[in-house]
Amino acid sequence: MTASSFNALVAVGAHADDIELHAGGIAAAWAQSGRPVHFVMSTNNMSGALINAAQPDAPPINLGPVQTQEIRQREQAAAAAVIGASVRHLNYPQRHYWSAQGRRSLDFTAKPHDATIPQAHLPPLIIAAQNHDAIEQVAELLVSLQPAVILTQTITDLDPEHHATASLVWQAYQRRADELRHATLFFWAPGTSNMTGMIRQTFDCLVPITREQFDLKMRMLHCHASQMTTKRLEMTERRARFWGSELGVEFAEPLTTVLQGAFRW
C-alpha cells in the first residue's frame with residue numbers, strides 16, 4: 001500500500017464523548033475534506049450516571065450496565081453521524097458499573113464474572129492494555145483502517161481508562177510500525193475542565209478549527225445528552241477559544257506528536 005492510500009483519521013477514545021470533547025473539531029475538519037473518519041471506543045461504555053435530558057436539573061440516575069451501554073452507544077452513533085464517521089467498539093469492560101446490587105468495581109487482576117456485564121468474557125480495559133491479544137487486535141484494526149492520523153488519549157491522563165487506552169494504542173502502533181509508517185500518532189490534551197490540560201505537556205501541534213467546524217463539534221457533543229451538562233459545554237468552548245488565542249484564531253485544539261509518520265499538519 002502506498003502513502004496515498006493511508007488517508008483516514010482514526011480517533012480512539014475510552015468513553016463515549018471523549019473524542020468529540022478533545023478532537024471533535026479536528027475530526028470535523030478531516031471529514032469536510034472528504035477523507036474517512038473512524039471513531040473507536042475502547043470500553044463497553046457500561047458505566048456512569050445518566051442525565052435526564054428532559055429534566056437536566058434533576059439528580060443523575062444510575063442504570064444497569066446493559067441499559068447504560070445501549071444509551072451511550074446510541075448517542076455515540078448519533079454523534080459520529082453528524083460528520084459521517086464510522087464507529088467501532090472494542091467493548092472492554094469498564095472498571096466500575098452499576099448492577100441490581102449497586103455499584104460494583106473490577107480489580108486489576110480478576111476477570112469479571114457478573115453475567116450482567118456486556119462482553120464479560122473480555123478482561124477489563126485496565127488489564128487489556130497489558131494483554132498481548134488485545135494489543136494485537138488494536139494493531140490489526142489500525143492497519144485495516146489505513147490511517148494518515150491516529151488520535152487518542154494522553155498517557156499522562158489521571159483517568160485509568162484514558163491512560164490504558166493511550167497505552168494500548170501506543171503499543172499497537174509499535175507492534176505494526178512498518179505497516180503504519182505512513183501514520184502519525186498524536187495524543188490529545190487531558191482534562192476538559194482545565195484550560196491547559198491538567199499537566200501542561202508540550203503541545204507541538206495547535207490545530208486551528210473554523211467556526212463551522214467548532215459548531216459541528218458542539219452538535220456532536222449535544223448528541224451525548226445523557227452526560228453533557230451546560231457547564232461541560234461552556235468549558236469546552238472556553239478551552240477551544242483559549243487554544244485559538246495561542247494561534248490568533250477563534251478556535252483550536254492541541255495535540256502532542258508521539259510517533260511521526262509521513263503525515264505533517
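Mentor: What follows is a set of questions and answers on a predicted model, moving from the sheet to the helices and then to charged pairs.

Trainee: Which strands stand at the edges of the sheet?

Mentor: The open sheet is built from seven strands in the order β3-β2-β1-β6-β7-β9-β8, with mixed pairing. A strand at an edge has a single partner, so one of its sides is left without a neighbour in the sheet, and this holds for β3 and β8.

Trainee: Which residue of β2 does Leu9 stand opposite?

Mentor: Strand β1, residues 8-13, runs parallel to β2 and is joined to it by five bridges. Within this pair of strands, the residue opposite Leu9 is Val37.

Trainee: At about what angle to β6 does α5 run?

Mentor: Helix α5 covers residues 160-175, and it lies across β1, β2, β6, β7 and β9. Taken against β6, the helix runs at about 155°.

Trainee: Is Glu161 buried or exposed?

Mentor: Glu161 is placed in helix α5, and among the residues it touches are Ala14, His15, Thr43 and Leu125. Its side chain makes a polar contact of 3.3 Å with the side chain of Gln94, and it also reaches the backbone nitrogen of Arg95 at 2.7 Å. Since buried means under 20% relative accessible area, and the relative accessibility of Glu161 is 2%, this residue counts as buried.

Trainee: How far apart are the end C-alpha atoms of helix α6, and what span should its residues give?

Mentor: Helix α6 runs over residues 211-223, and its 13 residues, at 1.5 Å a residue, should span 18 Å.

Trainee: Which helix holds Glu136, the partner of Arg175?

Mentor: The side chains of Arg175 and Glu136 meet in a salt bridge, at 3.8 Å from N to O. Arg175 lies in helix α5, so its pairing with Glu136 ties together parts that are 39 residues apart in sequence, and the helix that holds Glu136 is α4.

Notes. Residues numbered from 1 in each chain as written. Predicted model: local features only at pLDDT ≥ 70, side-chain atom pairs only at ≥ 80, totals over all residues. Heavy atoms only, no water. Helix = DSSP H or I, 4+ residues; strand = E, 2+ residues; numbered from the N terminus. Buried < 20%, exposed > 50% of the residue type's maximum accessible area, 1.4 Å probe, protein only. Polar contact = N/O pair within 3.5 Å; in protein donor to acceptor, adjacent residues only side chain to side chain. Contact = heavy atoms within 4.5 Å. Expected span 1.5 Å × (residues − 1). Pairing = 2+ DSSP bridges. Axes fitted to C-alpha atoms, helices over the stretch in contact; angles between N-to-C directions. Salt bridge = Lys/Arg side-chain N within 4 Å of Asp/Glu carboxyl O. Lists of a residue's contacts leave out its neighbours within four places in sequence.
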